[in-house]
Amino acid sequence: MKFIVPCHFGLEAVLKREITDFGYSISEVEDGRITFEGDADALCRANVFLRTAERVLIKVGSFHAETFEELFQGTKNLPWEDFIPEDGKFWVAKAASIKSKLFSPSDIQSIMKKAMVERLKSIYHKEWFAETGASYPVRVFLMKDEVVVGLDTTGDSLHKRGYRKLTAKAPIAENLAAALIMLTPWKGDRILVDPFCGSGTFPIEAAMMAAHMAPGMNRSFLAEDWTHLVPRKSWYRAMDEADSLVNMDIETDIQGYDIDDKMVSIARENARLAGVEHLIHFQRRDVEQLSHPKKYGFLITNPPYGERLEDKKNLPALYQTIGERFRELDSWSMYLISAYEQAEQYIGRKADKNRKIYNGMMKTYYYQFMGPKPPSGAGRRQGD
């Protein structure tokens, strides 16, 4: 089968590396999605293990369409009966169109649903479908009149790991946080501090990586009900593999600070739900108090960037403080995601690298300030 795996715009290379590391061959890389090939086991492993993906779709097919008639016929020609059983509940859950003549999502959705019904009527010799069985949501992408059709195996987006019951005002998605950590050289034996931890996403994702905990091991997936397509044993194999890799007997130095006591409590509770509370130290601390006695650590954080107008006036002073505290951390690196255009100006240093990433519809920048590499063999205990 071919699988389409969407991700955040700007993070395709991280997802590509994840998929390749699992031993699967990439057939296509596009803006915001990767296509790779694999079997039923690959489908299960992708859902359970991929940290930076949004969902895993089975590619049903693709075709060219500039008119609704071409969309109807192209959809009708796809082999829906290979995927959807007679009692299946099916609908077009999402349609996205870029630079295409067909651009109305609701029209695309209703026409494709009619075409699917027509195809299945001729195959199953029925005039009406009760749709009482398992769910088969379809997602469609139109780009320059090329239509790509996928069947969603995931259900709730993969960023929903199951641990974040409580959130901050502007939480960062778990899969985005994981991707941002993976863009750094940080490893589980190095120091990581998030001085604006909010609901704890960066420290929790880092702790799960350090402990080799698969992000999807504590949740369910839509395709678990598709027993005619994905054997139960494929799910068991993926979960057994995930269980066998977990190592909780590790030492870490992962810390999360926030100025708000309530947020610190929320972060602790989320870490407990994720099963990694013993690997993270959370405390109430203002960024002005940021310091650490050890060397070669990492600041990885999502500071406020003035989403509300009244917060904007505080940003210059806040980013100035971030810059001052960072300069006091001997040989550290800092990785900071922000939509604040003047971040570098007030931090007082130009980033070594700057990556544009779309957080939902918001354009943000991932500022990367690199510290020196530690001497060979110097890990977390360097500077003790």
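Colleague: Just after helix 8, what phi does Gly-275 take?
Modeller: Gly-275 takes a positive phi there, about 85°. Helices here are DSSP runs of H or I with at least four residues, strands are E runs of at least two, and both are numbered from the N terminus. Keep in mind that this is a predicted model, where local features need pLDDT of at least 70, side-chain atom pairs count only at pLDDT 80 or more, and totals for chains, interfaces and linings use all residues. Residues are numbered from 1 along each chain as its sequence is written, and side-chain values use heavy atoms, leaving out hydrogens and water.

Colleague: OK, and how many residues has helix 8?
Modeller: Helix 8 has 14 residues, 261–274. From first C-alpha to last, helix 8 reaches 20 Å, close to the 20 Å expected (1.5 Å times one less than its number of residues).

Colleague: Which of its residues are buried?
Modeller: Met-263, Val-264, Ile-266, Ala-267, Asn-270, Ala-271 and Ala-274 are the buried ones in helix 8 (under 20% relative accessible area, with a 1.4 Å probe and protein chains only). They sit on the same side of helix 8, because they cover an arc of only 160° around the axis (taken from the directions from the helix axis to the C-beta atoms).

Colleague: New topic: what order do the strands of the open sheet have?
Modeller: The 7 strands go 2-3-1-4-7-6-5, with mixed pairing (two strands pair if DSSP finds at least two bridges between them). Strand 2 (25–30) and strand 5 (89–98) are the edges, each pairing on one side only.

Colleague: And how many bridges join strand 5 to strand 6?
Modeller: 9 bridges, and the two strands run parallel. Lys-94 stands opposite Arg-139 in strand 6.

Note on methods. Buried < 20%, exposed > 50% of the residue type's maximum accessible area, 1.4 Å probe, protein only.
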